Amino acid sequence: RFRDKRMQIKYILGMTLHQMKLNQVSAFQFIGVVKDGSNKYMKQSLEKLALAADTLGDDTLLNYAISRVNVDEFPRAHRDMLHFRIGEYQIRNKQYAEAARSFDRVARSNALYNTAKYQEGLAYAESGQLDRALQTFEQLIQARSGASVTDKSRVAGMMGKARVLYQ
């Protein structure tokens, strides 16, 4: 009787489980909707799958979602997280130039900005672009200039800069 509403029901079940903070179980509902591929709930399911995967720290689910999502269509509120996660994935796969571009797209106003800027500097250093790495670490240091001497992000930027200069 509800066969034509199956994907809608799976999506609603996934949303309900996600709101209950049962991310692992909700992710499987969203995967079911995405695998069907021919329904109007696919885009929303991809978004929720990426958020659940991020919360779980599950790289496999996140990679699956990233491989199927168009970043520009992802909700603006979570786009920085997606750029950050894509950058992490690219660094693990030694795609340093692409990773640097992904990390650079994280907005300065986002909580992930400091970590993304540090990772961007590392990616440039790994790819042999030492001038760009120095500029990036300097940007991180300047962004945290008002912070205390023991600020982790500021110190990380200084250490990154020192490593590049040592090279």
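Buried means under 20% relative accessible area, exposed means over 50%, and partly exposed lies in between, with a 1.4 Å probe and protein chains only. By that scale leucine 22 is partly exposed, at a relative accessible area of 38%.

Some ground rules. This is a predicted model, where local features need pLDDT of at least 70 and side-chain atom pairs count only at pLDDT 80 or more, while totals for chains, interfaces and linings use all residues. Residues are numbered from 1 along each chain as its sequence is written, and side-chain values use heavy atoms, with hydrogens and water left out.

Back to leucine 22. It sits in the loop between helix H1 (6-19) and H2. Helices here are DSSP runs of H or I, at least four residues, numbered from the N terminus.

Next, helix H4, residues 59-68. Which of its residues are buried? Leu61, Leu62, Ala65 and Ile66. They cover an arc of only 130° around the axis, so they fall on the same side of H4. That arc is taken from the directions from the helix axis to the C-beta atoms. Thr60 and Ser67, on the other side, are exposed. The cover over the buried residues includes helix H2 (23-36), helix H3 (42-56) and helix H5 (76-92).

On to H5. Its 17 residues should span 24 Å at 1.5 Å a residue, and the end C-alpha atoms are 25 Å apart, which agrees. The expected span is 1.5 Å times one less than the number of residues. Buried residues of H5 include Arg79, Met81, Phe84 and Gln90. Their cover includes H3, H4, helix H6 (96-104) and helix H7 (113-126). After H5 comes lysine 94, with a positive phi near 60°.

Now salt bridges: a side-chain nitrogen of Lys or Arg within 4 Å of a carboxyl oxygen of Asp or Glu. How many does the structure hold? Six. Arginine 85 and aspartate 54 form one, at 2.5 Å, N to O. This pair links distant parts of the chain, H5 to H3, 31 residues apart. Both are partly exposed: arginine 85 at 23%, aspartate 54 at 22%. Asp54, Arg85 and Glu88 are linked in a network of salt bridges.

Compare glutamate 120 and lysine 117, with closest N and O atoms 2.9 Å apart. Both lie in helix H7, three residues apart, about one turn. Glutamate 120 is buried at 3%, and lysine 117 is buried at 5%.

Last, glycine 157 in helix H9 (residues 152-166). Buried or exposed? Buried, at 0% relative accessibility.

Terms used: Helices (H or I, at least four residues) and strands (E, at least two) are DSSP runs, numbered from the N terminus. Contact means heavy atoms within 4.5 Å.
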